[in-house]
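Reader: I am new to this kind of picture. Could you show me how to read it, feature by feature?
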Amino acid sequence: MVELFRLWTFIMVAHLFVHTAEITTTNVVTLNENKRTDVKVADVQCTDGTNMVLTGTISPTSFCTFCFVVEPTDVGTGAYKVNFYPSVADLTFSQVPEYDITLTCTDLANSSNVATEVLEIRITPNSAPIFADGLTHQEAISGTKDKVAGDTLFRVSASDPNSDEIFYTLTRTDPASDNFQIGLTDGMVSAVNDLNTQCTQEIDLYITITDGNIEVGPQVIDVTLQDSNEVPVIDTTDDRISLAEDTVLDTSIVTIAFTDDTAGAALTFTTVPVAAEDLFTLDVDELKLASALDYEDTSLRRPLVLFTVEDGGCTSSTFTYTVSVTNVNEAPVIGPEDNVLDVYEGDIQLDPEWTTTDPDFGDDLTYSITASTPTAANFDIDPRSGIISSIVEYDVDQGAMTATVTLTIEVGGH
Ligand SMILES: [Ca+2]
Ligand SMILES: [Ca+2]
Ligand SMILES: [Ca+2]
Ligand SMILES: [Ca+2]
């Protein structure tokens, strides 16, 4: 009985002086290989020494070994932590499925007084995000033409098995349109512009999602655009007219009929060539002649008038109307007028040096004398050259013939 008491006393004293190091920590931590944010993976508590320091060694020593860092929380109490820093390298399950960190608490006052624990970091492979509705889906938007820029339309639903943040991208639309966008992180599809500019009843949106590592898609969303803005339709079918070049101004050429669901839809036109635009004016839906046609101006002989109807959001297809200008034989303009020429008597040959012009390309000019004062027909004119000649030998002596003769000359062109 006495011996037992002594043994107990010895153990009691030894315990008071050794201060055996101890370490307390989590033993197993799981991290998804897609982890992208800094995170504390474990708290570590070193106890019972006088000045406890924690160190760690990692195995294997490849790939992400420097992603894990031992840091003090409170040195005075021996509190430490192990942090994960993803900016250093990626965790890749296929390369290293598990890192083991051997943590050692050392008593600086007695370096043989240590305690160790192994912290297992188990890497779980990343899984792809998932569209809730699969890769083909249907949506309907009601009152489409009344939606305005910024209006939300519907949400694309997706989840990630690892609870990773999901990023959404609208890669394209069919038909092409810049009227739709998707929120990068919320998957909310919204209108970029007022949707009265969306001139179709259907559109396919192609959506992809990613968790930052694995991209999935596209999900093709067949969107029905209910009550969308109808495209104006031009109903007029007669697409050509012939107009004589002397058609009087303000003549009605054509009235364009169209149908549309939008109040205020309006007709506009352009021309080919652009220079022909001044020839026409639009009186509401009626095209009228605004300036003189000219068959001889070959660039404006067959102008095209391109009609469209715009309703503020949608534009009709172009209706091409052809105006063919037909020729009219226009009278030549004689020149010079009121010509006074002096000539000696005798056998007269006189060239008045006509400057006569005819608007019609290639017309032949024909000169003729229509009147003479006095009326004696002493002169003739060459119909082609316009040269005036005396029929007789002209003689003004003794008043035989007048010293002044007035000839009225006409020119024809055809
Ligand atoms: Ca994931
Ligand atoms: Ca319309
Ligand atoms: Ca002409
Ligand atoms: Ca002519």
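Author: Gladly; let us begin with burial. A residue is buried if 20 or more other C-beta atoms lie within 10 Å of its own, exposed if 12 or fewer, and partly exposed in between, with C-beta atoms placed from the backbone. Here, buried residues make up 22% of the 414 residues in the chain. This is a predicted model, in which local features need pLDDT of at least 70 and side-chain atom pairs count only at pLDDT 80 or more, while totals for chains, interfaces and linings use all residues. Residues are numbered from 1 along each chain as its sequence is written, and chains are lettered from A and ligands numbered from 1 in the order in which they are written.

Reader: What radius of gyration does the chain have, and what would a compact globule have?
Author: The radius of gyration is taken over C-alpha atoms, and the globule rule is 2.2 Å times the number of residues to the power 0.38. For 414 residues that rule gives a value near 22 Å, but the chain has 51 Å. The C-alpha trace spans about 190 × 50 × 35 Å along its principal axes.

Reader: Which domains does the assignment give?
Author: Domain bounds come from an automatic or database domain assignment. In this chain they are domain 1 (21-124), domain 2 (130-225), domain 3 (233-326) and domain 4 (349-413). Between the C-alpha centres of domain 3 and domain 4 there are 48 Å.

Reader: And what does the UniProt annotation cover?
Author: UniProt positions are given in the numbering used here, with feature names shortened, and annotations may be inferred rather than shown by experiment. The unreviewed UniProt entry carries the annotation "domain: Cadherin" over residues 145-234 and 235-334.

Reader: How many helices and strands are there?
Author: Helices (H or I, at least four residues) and strands (E, at least two) are DSSP runs, numbered from the N terminus. The chain has one helix and 31 strands. Residues 145-234 are 0% helix and 48% strand, and their end C-alpha atoms are 21 Å apart. Residues 235-334 are 0% helix and 41% strand, with end C-alpha atoms 49 Å apart.

Reader: Which strands pair with E8?
Author: Two strands pair if DSSP finds at least two bridges between them. Strand E2 (residues 28-32) pairs with strand E8 (residues 110-124) in the parallel sense, over five bridges. Strand E7 (residues 98-107) runs antiparallel to E8, joined by 10 bridges, and Thr102 has Val118 as its bridge partner in E8. Two residues lie between E7 and E8, which form a hairpin.

Reader: How should I read a core, and which residues have the most contacts inside the largest one?
Author: In soluble globular proteins, nonpolar side chains tend to be buried together. A nonpolar core is a set of buried Ala, Val, Leu, Ile, Met, Phe, Trp, Tyr and Cys residues joined through C-beta atoms within 7 Å. The largest one has 24 residues, and Val44 and Cys46 have the most contacts inside it. Strand E3 (39-47), strand E4 (52-59), strand E5 (68-74), strand E6 (79-84), E7 and E8 each give two or more residues to this core. Apart from it lies another core, of 19 residues, among them Phe131, Val156, Ala158 and Ile209.

Reader: What does Val44 touch?
Author: Two residues are in contact if their C-beta atoms, placed from the backbone, lie within 7 Å. Leaving out residues up to four places away in sequence, Val44 touches Ile23, Thr25, Leu54, Tyr80, Lys81, Val82 and Leu103. Among contacts in the chain between residues at least 6 apart in sequence, 69% join residues at least 24 apart.

Reader: Which peptide bonds are cis?
Author: The bond from Val272 to Pro273 is cis, with omega near 0°. Pro273 lies in the loop between strand E22 (266-272) and strand E23 (280-283). Another cis bond joins Gly335 and Pro336, with omega about -5°.
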